[in-house]
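Please read the points below alongside the sequence and the coordinates. They cover charged pairs, helix packing, backbone angles and surface features.

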Amino acid sequence: MNQRSHLGTSYLDIAKGAVETFLKLRSRDPASRGDRYMLVSFEEAPAGIKAGWKESHATFMTELRNLQAVGLTSIGQSLRTAFDLLNLNRLVSGIDNYGQGRNPFFLEPAIIVAITDGSKLTSSSGVQDELHLPLTTPLPGSELTKEPFRWDQRLFSLVLRIPGHTSPDPEPIGGVPLDPSPITPMCEVTGGRSYSVFSQRMLNQCLESLVQKIQSGVVINFEKTGPDPPPTEDGYFINPYGPQSWHSCHKMIYVRPNPKTGVPVGHWPIPESFWPDQNSPTLPPRAAHPQVKFSCVDSEPMVVDKVPFDKYELEPSPLTQYILERKSPHSCWQVFVCNSAKYGELGQPFGYLKASTALNCVNLFVMPYNYPVVLPLLDDLITVHKFKPPAKWRQSFENYLKTVPPYYITALRKALRMMGAPNLLADNMEYGLSYSVVSYLKKLSQQAKIEADRVCASVGKKAALEGGIKLRCRSSALSLAHRKDFTQLLHSIMGDGPALPMEANTKEFAGFQLAALNKALKPQGLRNPYDIPRSHLLDQLSRMRRNLLHASICILKGQDQDQLHSVPIAQMGNYQDFLKHCPSPLREADPDQPKRLHTFGNPFKLDKKAMMVDEADEFVTGTQGKGKRPGESSSPAGGGAPKRRRCMSPLLRLGRAYTPPKTPPRSNCFLSLLITSYIKSFFSPNVLFFFFCLNAGYEKIFYLLKQIQGSLETRLIFLQSIIKEAAR
């Protein structure tokens, strides 16, 4: 990411600018108020998590600007860290609903945008040709899902391919192609895609596309089961030879939030791919994306009044295009989940796919499980029996309940309550999970809460440095000394000599470590030669020679003077940390004197809020009363005598005539210091010199100096008069 493009900026700068542009484009949508942004780099966790769940947007932007491209391209580990960071709160909230069906309206939609240069994937073990996510993770409950991601999390990748020189060929106009880097298959698995970026214009086009892809929904695998549909009356026919693209689609269904509450609302889940067993102590791991089979047999869509159903729009895909081109809005295709029923591999239908009446989209209708059986029963209950079912109807309804997965009971009871028949289901019906599974899920929720707090507290903290580098003994199979040709080569070069031991004693150096460089310690080039970088050897030699030849009274200094004051530009303004390490100062001798501020670069700057400054730079502590005449008193009636303000100069004592104080005897040493100080202030008058005159009693000299203006010659003439006055 440190390579330069023809724009003059590095890939890292382009990536930072892309993130800021993405945030600006996203902020145009009113729904972006609830967005949360996180930042993960290629460093090892937790140092790689720059901004997590509890960091503010300002922290995110600060960490983004301070991001540097160092280390290896361990994108697999970074993606696993990002997915684990997103999945921290899912077990705590129970949003995945393991073993109870998949609810599309229980979702936390998230997209991961990976910006990379498309180079080789480097790690500590070498260069990898394929992207592999680590299988081991400290996140509790990760074994319940086969993949590290969830069905509402998608990965998009911006692969920067901007050349270092301007291409003479015109830029192609059209869509952005997929990138052949190893991250592309990972993007497609999660329901996203990769973009191969060759120019700044293409980058802006990709960012606008990403903003449009931020939709609330979940990804589902749709696969065809059974024969292809017959041709329609219009003669529309698909070539049956070879697999078609619409036979298997990996697309998203949009879950629209309720316009009143802003939260998605639904009734029926998508069934699990197994029948719950109350005697099973564990749950089988589920796939991140449910496998939904659809049958191409035309069926009649069924909807009963007062019976709720869920309607989800499918993302445009070859499947939706095929269904729309058939122009059959009054027929539907039933959908199934394999092994969802107690008996039968395909299971019972839980909904259907149907084109809209206007033929502009395809919708997935999620109904009660085995809806062709239960919907006629509920229709008879409403229209024929008027919510007073006879024994025959109850028997048919009980037979239906035996074919329904137990986790549908809760949704079915809620639907019957909405219809007006709340007493058809008993309250003590089992939900299908064993006691051990329920206890395990509760335990996982508690562990996930502790892990979430730990990760949030460790965000931004670097991993503790090891005290040394551990040495690992090579096995005999990997050692070159055990090769037969290598031994013969040594004998031919060295002749007959003492034979080296073939086997090294591994227990002799067990636990041996090489000392690692402690970056927290300040290097001392004049004391430790190992602290001198190789590129600074000549400069350090000059410093050592100067230290040796110009040492006063043969005292060598432990550190060069220029190094004491050499501070990086990034740390020049960080003087607060320097003050923290300084010893605590002594208390003020005069507590009434105004305290001086800790100012950077000007230690004589005073707090102007608590004092008044006149034209001659004399000041009086406190604030003077406004609107008061000189003769008026500011003390209340009946009060004591007004407190006299303490003046910093005897010139400003109110109510007294000025009497010049007795000046101490002046010496030639002080006179030379006075003249030298003033000569230094020819071009920039030194405030310290004026105050030095006041404190020493040279008020008259002070007022003479205040009158000096003009060129250097004029000031020299006044200087002669000052010297005469000082010599008296």
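1. A search of the whole structure finds 15 salt bridges, a salt bridge being a side-chain nitrogen of Lys or Arg within 4 Å of a carboxyl oxygen of Asp or Glu. The model is a predicted one, in which local features need pLDDT of at least 70 and side-chain atom pairs count only at pLDDT 80 or more, while totals for chains, interfaces and linings use all residues. Residues are numbered from 1 along each chain as its sequence is written, and side-chain values use heavy atoms, with hydrogens and water left out.

2. E272 and R286 form a salt bridge in which the closest N and O atoms are 2.4 Å apart. Both E272 and R286 lie in the loop between β9 (248-254) and β10 (291-295), so the pair ties together parts that are 14 residues apart in sequence. Helices (H or I, at least four residues) and strands (E, at least two) are DSSP runs, numbered from the N terminus. E272 counts as buried at 1% relative accessibility, and R286 is buried as well, with a relative accessible area of 9%. Here buried means under 20% relative accessible area, exposed means over 50%, and partly exposed is in between (1.4 Å probe, protein chains only).

3. Which residue does the side chain of D29 meet in a salt bridge? The partner is R26, at 3.2 Å from N to O. D29 is partly exposed at 32% relative accessibility, whereas R26 is buried, with a relative accessible area of 5%.

4. The side chains of E43 and K50 also meet in a salt bridge, with an N to O distance of 3.0 Å. E43 is partly exposed, its relative accessible area being 31%, and K50 counts as buried at 16%.

5. A further group should be read as a unit. R90, D96, R150 and D152 are linked in a network of salt bridges.

6. On helix packing: two packed helices are described by the angle between their axes and the distance between the axes. In this note, axes are lines fitted to C-alpha atoms, for helices over the stretch in contact, and angles run from 0 to 180 degrees between N-to-C directions. Angles under 35 degrees count as roughly parallel, over 145 as roughly antiparallel, 65 to 115 as roughly perpendicular and the rest as oblique. A crossing is left-handed if the near helix is turned anticlockwise from the far one by less than a right angle, and right-handed if clockwise.

7. The axes of helix α1 (residues 11-26) and helix α2 (residues 57-65) come within 10 Å and cross at roughly 155°. α1 and α2 are therefore roughly antiparallel to each other, and the crossing of α1 past α2 is left-handed.

8. Helix α1 also packs with helix α6 (residues 200-212), at an angle of about 40° and with the axes 10 Å apart. These two helices, α1 and α6, are therefore oblique to each other. The crossing of α1 past α6 is right-handed.

9. Helix α8 (residues 371-383) packs with helix α9 (residues 391-402) at an angle of about 155°, the axes being 11 Å apart. That angle makes α8 roughly antiparallel to α9. The crossing of α8 and α9 is left-handed.

10. Most residues other than glycine have a negative phi. What is the phi of K386? Phi of K386 is near 55°, a positive value in a residue other than glycine. K386 lies in the loop between α8 and α9 and counts as exposed at 56% relative accessibility.

11. N339, which is not a glycine, has a positive phi of about 65°. N339 is in the loop between β12 (332-336) and β13 (351-355) and is partly exposed, with a relative accessible area of 41%.

12. G175 lies in the loop between β6 (153-160) and α5 (183-189) and counts as exposed at 67% relative accessibility. G175 and Q205 are 30 residues apart in sequence and 8.8 Å apart in space, C-alpha to C-alpha.

13. V567, I569 and M572 form a nonpolar patch on the surface, with about 310 Å² of accessible area together. Patches are made of residues with over 30% relative accessible area and no salt bridge: like charges are joined within 9 Å, and nonpolar side chains (Val, Leu, Ile, Met, Phe, Trp, Tyr) within 5 Å. Accessible areas come from the Shrake-Rupley method with a 1.4 Å probe, and for residues only the protein chains shown count as cover. V567 lies in the loop between α14 (561-564) and α15 (575-581) and counts as partly exposed at 40% relative accessibility.
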